[in-house]
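Thanks for coming, everyone. I'll walk you through one structure today, contact by contact.

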Amino acid sequence: MTLSLDIVLASLDAGGAERVALNLLRGIDRDTIKARLVLLNRSGPLEELIPEGCDCINLGKARLRSAGPALYHTLRRQRADLVFSTIGYLNLAILAMKPMLSGKVVVREANLPSISLPMAPYPGIMKSGYRYLYPHSDHVIATSERMKTELTENFSVQENRISVMPNPVDTTAIRSSFSSQPASNDGTGIRFVAAGRLVPQKGFDRLISAFKACSTSHRLTIWGEGPERDTLQNLIENSPRSGQITLGGFTPSLASKLTDADVFLLPSRWEGMPNAVLEALTCGIPVIATAESGGIAELAKLAPPGEITVCDTWADFTNAMLATKQGRETHGHNLLPKRFELDSVAKQFSDLLQSVASAP
């Protein structure tokens, strides 16, 4: 049976949720699933990830509040067998429309609700929306067992309607842009790299503050763009290590920036399953992460021992940075568990969609 699928995204911003959705779109079985991409706004740097020949509907709206009516009428008109979304506020909007749609709705949760929802602009409304609407989804995709437990215990989603699915990682494309031979650097210090949108969630402000404890020979580069750039730049300029910290800007290929990295840092205040960590592991770069970073503790159990350090406190995170030693035997080796590879995850996703569509 050939299914029709509408994948809804707000934009083509370089966020983890957007990248996951586009990778799934690229990897699904096109013989059995005919997919369309529905965008509130076709803006952002991930245009190149849209598969050639893919139907793409651009609503041309900057925000959900103005796009809501157009989104509703588009989904009603398309009459897809399945609608898929992976951003919290979009999930809620589509679930609210669900009684008027002809197809089933599958949502993916991108962040740990217990940590992300209290940080949302309207936490009370968001929590109420999750409690009321998530149980009415036809299926929910979680990125970790920890997230699945939260969805069942805190939001009454039936356990048989939740699947844990890894983020899909195109390891071939990532490794093709990574040089396994690190270039010589201008000193003996550790090269730290971090990446993500420049927003409070990612914790780059506290990383910059903590870096002042590091050696004068160490370097820190943060890749990404976002609304906090000026704030972070001011923190850097007022740091005693200002000359050692760089905001590198947006990069379409994180792997190409990891050649000289000794350690990848994930200082996030909350996450789901961070794609940047998966890319770093694909390139053989060890990771230091906060315990709040979603399913990172579960990933640490799957990865080779010692390659992911999960820190329960910020003091532990800082100490792990200070304890880092240069020299990486694993540099260039793929440390990512195979279950995260694109082909494997895309098949799991395609099978899940078929199962949901055929369920009574």
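Let's start with a pair of charges. Glu341 forms a salt bridge with Lys338, and their closest N and O atoms are 4.0 Å apart. Before I go on, a caution: this is a predicted model. Back to the pair. How do these two residues sit, buried or exposed? Glu341 has a relative accessibility of 24%, so it counts as partly exposed. Lys338 is at 65%, so that one counts as exposed.

Move along to helix α13, residues 342-358. Here the side chains of Lys347 and Asp351 meet in a salt bridge, at 2.7 Å from N to O. Why do these two line up? They are four residues apart in α13, so about one helical turn separates them. Lys347 counts as exposed, at 53% relative accessibility. Asp351 is partly exposed, at 43%.

Lys98 pairs with Asp138, and the closest N and O atoms are 3.4 Å apart. The two are 40 residues apart, and the pair links distant parts of the chain. Lys98 is in the loop between α3 (88-97) and β5 (104-108). Asp138 is in the loop between α5 (123-133) and β6 (139-142). Look at the accessibility here. Lys98 is partly exposed, with a relative accessible area of 21%. Asp138 is at 19%, and the cut-off for buried is under 20%, so Asp138 counts as buried. How many salt bridges are there in the whole structure? The search finds ten.

Next, the aromatic rings. The count comes to five aromatic pairs. Take one of them, Phe192 and Phe211. Their centres are 6.3 Å apart, with 90 degrees between the planes, and the pair is edge-to-face. Where do the two rings come from? Phe192 lies in strand β8, residues 191-195. Phe211 lies in the loop between α8 (204-210) and β9 (219-223). The two are 19 residues apart in sequence, so the pair ties together separate parts of the chain. Both Phe192 and Phe211 are buried. Elsewhere, ring pairs link Tyr130, Tyr134 and Phe155 into a cluster.

Phe155 takes us to helix α6, residues 145-155. Which residues of α6 are buried? Among them are Met147, Lys148, Glu150, Leu151 and Phe155. They cover an arc of only 160 degrees around the axis, so they lie on the same side of α6. What covers them? The cover includes α4 (113-116), α5, β6 and β7 (162-164). Just after α6 comes Ser156, which takes a positive phi of about 60 degrees.

The largest nonpolar core has 64 residues. Which of them touch the most other members? They are Leu5, Leu22, Leu71, Phe84, Tyr134, Leu151 and Phe349. Helix α1, residues 16-27, gives the most to this core, with six residues.

Zoom in on Leu71. Leave aside its neighbours within four places in sequence. Then Leu71 is in contact with Val8, Val38, Leu40, Leu59, Leu64, Leu90, Ile94 and Met97.

On to a polar residue. Ser293 is found in the loop between β12 (287-290) and α11 (296-302). Is Ser293 buried or exposed? At 0% relative accessibility, Ser293 counts as buried. What does its side chain meet? It makes a polar contact with the side chain of Thr290, at 2.7 Å. Not counting residues up to four places away in sequence, Ser293 touches Leu266, Ser268, Glu271, Gly272 and Pro274.

Last stop, Glu48. Glu48 lies in the loop between β2 (33-39) and β3 (55-58). Glu48 is exposed, with a relative accessible area of 63%. Glu48 and Leu9 are 39 residues apart along the chain, and 15 Å separates their C-alpha atoms.

That's my tour. I'm happy to go back to any of these spots.

Methods:
Residues are numbered from 1 along each chain as its sequence is written. This is a predicted model: local features need pLDDT of at least 70, side-chain atom pairs count only at pLDDT 80 or more; totals for chains, interfaces and linings use all residues. Side-chain values use heavy atoms; hydrogens and water are left out. Rings of Phe, Tyr and Trp (its six-membered ring) pair if their centres lie within 6.5 Å; planes under 30 degrees apart count as stacked, over 60 as edge-to-face and the rest as tilted. Buried means under 20% relative accessible area, exposed over 50%, partly exposed in between (1.4 Å probe, protein chains only). The arc is that of the directions from the helix axis to the C-beta atoms. Contact means heavy atoms within 4.5 Å. A nonpolar core is a set of buried Ala, Val, Leu, Ile, Met, Phe, Trp, Tyr and Cys residues joined through side-chain atoms within 4.5 Å. A polar contact is a pair of N or O atoms within 3.5 Å; within protein, one must be able to donate a hydrogen and the other to accept it, and residues adjacent in sequence count only if both atoms are side-chain atoms.
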